[in-house]
Amino acid sequence: MKTVLKIAYVLFVLLFVAYTIVALHKHVAATDGGSTHVVSLRRGTSTVRLNSYEHTIYHSCVAGHVPGSSHQDSFIGHEHVMLELDIMKRAFLKDKKTLHLPNTMLLYGPPGTGKSTVAKQLSSTLGEDTIVLTVSMNHIENKYYGESLKLLHAVFSLAKKVAPCVLFFDEIDGFMSERSSFDQTHTNTMKTNLLLCVDDVLGRNDVIFIAATNRPRDLDPAFLRRMELHMELARPSTCDKLTLGRRHVPSMDESDVESLFDAWTLHDMNKFFRFVERRRWMDDLSDQPVDMPSLRDMHAVYVAHYLLKS
């Protein structure tokens, strides 16, 4: 009996060692920065050679069109942002490389004002030749020591390889909050390296760095200093809401906006109009125009059953 137990124990140890070796081999293969990948960019037939970290970022962060929103809807009330982006777009031209224009921007404002949507629509605004990398913490954080730092550096090295490029960091307050002596070493290292990476792209006309936050006062002062443009995306005015509303109901006027959408953002209005579209499709009315009486009825249903009660 003892002999059988010894044999079973030895087999168990051997299986455990074999499993550990295979798991480590897979991890090393997956995170080996020395291996290279050739990627075809969506503009023309040009290709770039990426290491494994850059390849991972490229396939997880390249932004596409945002479903349920249009290019025009994204910029209602944000003409000042459109103006700055148009200036940056001109700097992307090869004959403008001698210019030194601001290329870092902080978008801030309350939730629902379109910060993330604006940045994600940049590919259609700046042209198909511009690649937009939308980065969040889940793309960078890694449980293995040192891997997060490599992925962070890969974001910026990738941006320079695929330029012209827009780097968009969403919810930057979750990553670049003000540094303190209570930060863990890893956290402090990541914040410091992000500041150094931003320094590396400052002044480049082929890379735009954009960050978005709902809490600008919580950001590190050193990061705020590196953001050359601070653009507020405020709550929409009645005129902005009316512009969006008339795209769905041409007969809508200011009194309708004030009575139905007083405290709403454009994001809230877009959700409501998607609800209207769905309900009218269920009733086989999608091919008929929406009038204000039916819109008011659906607004009452939406508020009563589909909105969180305060």
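Predicted model: local features only at pLDDT ≥ 70, side-chain atom pairs only at ≥ 80, totals over all residues.
Local features need pLDDT of at least 70, side-chain atom pairs count only at pLDDT 80 or more, and totals for chains, interfaces and linings use all residues. Residues are numbered from 1 along each chain as its sequence is written, and side-chain values use heavy atoms, with hydrogens and water left out.

Q: Why is asparagine 193 called buried?
A: Buried means under 20% relative accessible area, exposed over 50%, and partly exposed in between (1.4 Å probe, protein chains only). Asparagine 193 has a relative accessible area of 14%, so asparagine 193 is buried. Its place is in helix 9 (residues 185-201); helices are DSSP runs of H or I with at least four residues, numbered from the N terminus.

Q: Why does valine 13 count as partly exposed?
A: The relative accessibility of valine 13 is 33%, which lies between the limits of 20% and 50%, so valine 13 is partly exposed. This residue is found in helix 1 (residues 2-30).

Q: Why does aspartate 253 count as partly exposed?
A: Aspartate 253 has 31% relative accessibility, again between 20% and 50%, and therefore counts as partly exposed. It lies in the loop between helix 11 (238-248) and helix 12 (254-260).

Q: What makes helix 2 roughly perpendicular to helix 8?
A: Helix 2 (residues 52-61) and helix 8 (residues 147-161) pack at an angle of about 75°, with their axes 8 Å apart. Angles of 65 to 115 degrees count as roughly perpendicular, under 35 as roughly parallel, over 145 as roughly antiparallel and the rest as oblique. Helix 2 is therefore roughly perpendicular to helix 8.

Note on methods: Helix = DSSP H or I, 4+ residues; strand = E, 2+ residues; numbered from the N terminus. Axes fitted to C-alpha atoms, helices over the stretch in contact; angles between N-to-C directions.
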